[in-house]
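Hi everyone, thanks for making time this morning. I'd like to walk you through one model, so please have the viewer open and follow along as I talk.

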Amino acid sequence: MSLSSALSIAQSALMATSRQTSVVTRNVSDASNADYTRRIALVTSTSPGARSVDIQRVTNDLLFRQNLSALSAYSGQSALYSGMDQLDVSVNGVDNASSPSTAIGNLQQALQLYATSPSNQNLGSSVIDAAKQVVRSLNEGSKAIQAFRTQADGQIDTAVKDLNSLLSQFQDANQAVMSGTRSGTDVSDALDQRDALLKKIANYVPKYTFTRGDNDMVITTGDGTTLFETIPRTVSFAPSSGYAAGAAGNAVYIDNVPVSAGTGGNTTASGTIAGLLQLRDDVASTMQSQLDETARGLITAFAETAPSMPNATGLFTWSGAPAVPAAGTLVNGLAASISINAAMDPSAGGNPTLLRDGGANGAAYVANTSGGASYSSLLVAYGDRLDKPMTFDPAAGISATSSVADYAANSIGWLQSVRQQASTASDAKEALAQRSASALSNATGVNVDQEMSLMLDLEHTYQASARMMKTIDDMMSALLNAVG
């Protein structure tokens, strides 16, 4: 081997080692970046003694796809669970202190106490006050639910805008990957950026990806709707300024295909958008229906009856008074319109005695015809009606036959049951997302100890190449001196 050939080999080794060292240094500097994928510098021989270095990303497509799927599932579950927590406190208060069920229980106690001493008008006023608390819990609960639906609508709108922005950024990253692939330049950074965007997109919608020529990527949703192919598909949503009971929310469309809401406590929702749709259109709407049915049951239980006369609203009334709502039929918004009959409300100039005697709707409805101050039969009858089974609309999601008091308690039970399922599923899906992220990091991330060990090996290689060059230099100097 000639000295010039040996020198060329030593120079090539030094350049290759320098390139490898640069890659290791980059790995160490970005070790804490969750979106960074480890690089490997592969040295190949292109001709006798010559070397070239190719930079490759460490990838694992299977783990990456599993991580994206886990992220989508957890995002949808987390959105559902956190929303149910908020709904529970907004409607029922801490420890159900302001729930309709608690208020109805207080009304029953006040009614029973009044029945034991029907001549005590202070006790009559206490019943009216307890009834007002029932009305307040239903009115405010209904208001809180519709405010929550409006808030969820705003969150959906924000999520849609964020998703459109991410898709626009993805287009730029994908174009950079394609351009670099065609020109043969290193596209590692562009691929890292594209993968990071895929993780963010997965938080909003479930997705699948496949790669075509020139590393061009196509994204579809879980149901096969195209989300990105060369250009982003439009994700559209028209938010509502406010909601009323029974009003349907607008759908989210991806490429003109509606996004399906999740179902169940262990929700089928993948991505935040599907979880928010479930909260707005399923959970919150069901809670509203249960409040409306509770209100209808109360109006029915305290309705005034009379021979040959239609039943008329009594202690509790509503916008359709004096008619009593039809049995077993949901009336949307009834919880928002229920109120205390002014004829019995002292603060409105009414007389609480009408609750004891009857007659809020005229003389034909008077039960205490003798006017006795100790008359309690009607008060006892009202108490019995609160505990008597009646028919409820099954569309509200809980038992179709129960007493009003039990129905209100069952409403809390329904929410707590679904909320518990959501909590358990949220913990499980969070753990899966963390495990999949950890597995992906172990497979494609940077191990600093490993990189520092490699750096030491490269240092030794560099020193060997430098000594070789020094030796060649000495030999060439000696040769020149001999010739001279």
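Let me start with a definition: helices (H or I, at least four residues) and strands (E, at least two) are DSSP runs, numbered from the N terminus. With that in hand, look just past H2, where Gly93 takes a positive phi of about 80°.

Two words on what you are looking at. This is a predicted model, where local features need pLDDT of at least 70 and side-chain atom pairs count only at pLDDT 80 or more, while totals for chains, interfaces and linings use all residues. Residues are numbered from 1 along each chain as its sequence is written, and side-chain values use heavy atoms, with hydrogens and water left out.

Back to helix H2, then. H2 covers residues 61-92, which is 32 residues, and spans 46 Å from first C-alpha to last, close to the 46 Å expected at 1.5 Å a residue. The expected span here is 1.5 Å times one less than the number of residues.

Asn92 belongs to H2. Is Asn92 buried or exposed? Its relative accessibility is 5%, so Asn92 counts as buried; the scale is buried under 20% relative accessible area, exposed over 50%, and partly exposed in between, using a 1.4 Å probe and protein chains only. Setting aside neighbours within four places in sequence, Asn92 has contacts that include Pro100, Ile412 and Leu415, where contact means heavy atoms within 4.5 Å.

Now jump to helix H10, residues 404-444, where you'll find Ser426. Ser426 is buried too, at 6% relative accessibility. Again leaving out neighbours within four places in sequence, Ser426 touches Tyr74, Gln77, Ser78 and Tyr81.

While we're on H10, let's bring in its packing with H6. Two packed helices are described by the angle between their axes and the distance between the axes. For H6 and H10, the angle is about 170° and the axes are 9 Å apart. That makes H6 roughly antiparallel to H10. For the record, axes are lines fitted to C-alpha atoms, for helices over the stretch in contact, and angles run from 0 to 180 degrees between N-to-C directions. Under 35 degrees counts as roughly parallel, over 145 as roughly antiparallel, 65 to 115 as roughly perpendicular, and the rest as oblique. On the H6 side the meeting residues include Val283, Met287, Glu293 and Leu298, and on the H10 side they include Tyr407, Trp414 and Leu415.

Side chains of opposite charge can pair when their charged atoms come close. The cut-off for a salt bridge is a side-chain nitrogen of Lys or Arg within 4 Å of a carboxyl oxygen of Asp or Glu. How many salt bridges does the structure hold? There are 20 salt bridges. One joins Glu293 to Arg296, with the closest N and O atoms 2.8 Å apart. Those two sit 3 residues apart in helix H6 (residues 272-301), about one helical turn, and both are buried.

Another pair is Arg26 with Asp189, at 2.9 Å from N to O. Arg26 is partly exposed at 33%, and Asp189 is partly exposed at 44%.

Asp192 and Arg57 also form a salt bridge, again 2.9 Å from N to O. That pair links helix H5 to strand E2 (residues 50-57), 135 residues apart. Here Asp192 is buried at 8%, and Arg57 is buried at 15%. Both pairs belong to a salt-bridge network made up of Arg26, Asp30, Arg39, Arg57, Asp189, Asp192 and Asp195.

Last stop, the sheet. Four strands make an open, antiparallel sheet in the order E3-E4-E5-E6. E3 and strand E6 (231-232) are at the edges with a single partner strand each, so one side of each has no neighbour in the sheet. Helix H4 (residues 121-183) packs on the sheet and touches E4, E5 and E6, its direction making about 35° with that of E5.

Pairing, by the way, requires that DSSP finds at least two bridges between two strands. E3 (residues 207-211) and E4 (residues 217-221) have 5 bridges, with Tyr208 partnered by Thr220. They form a hairpin with 5 residues between them, and Asp214 in the turn has a positive phi of about 60°. E4 also pairs with E5 (residues 226-229) over 3 bridges, and Ile219 stands opposite Phe228.

That's my tour, and I'm happy to take questions.
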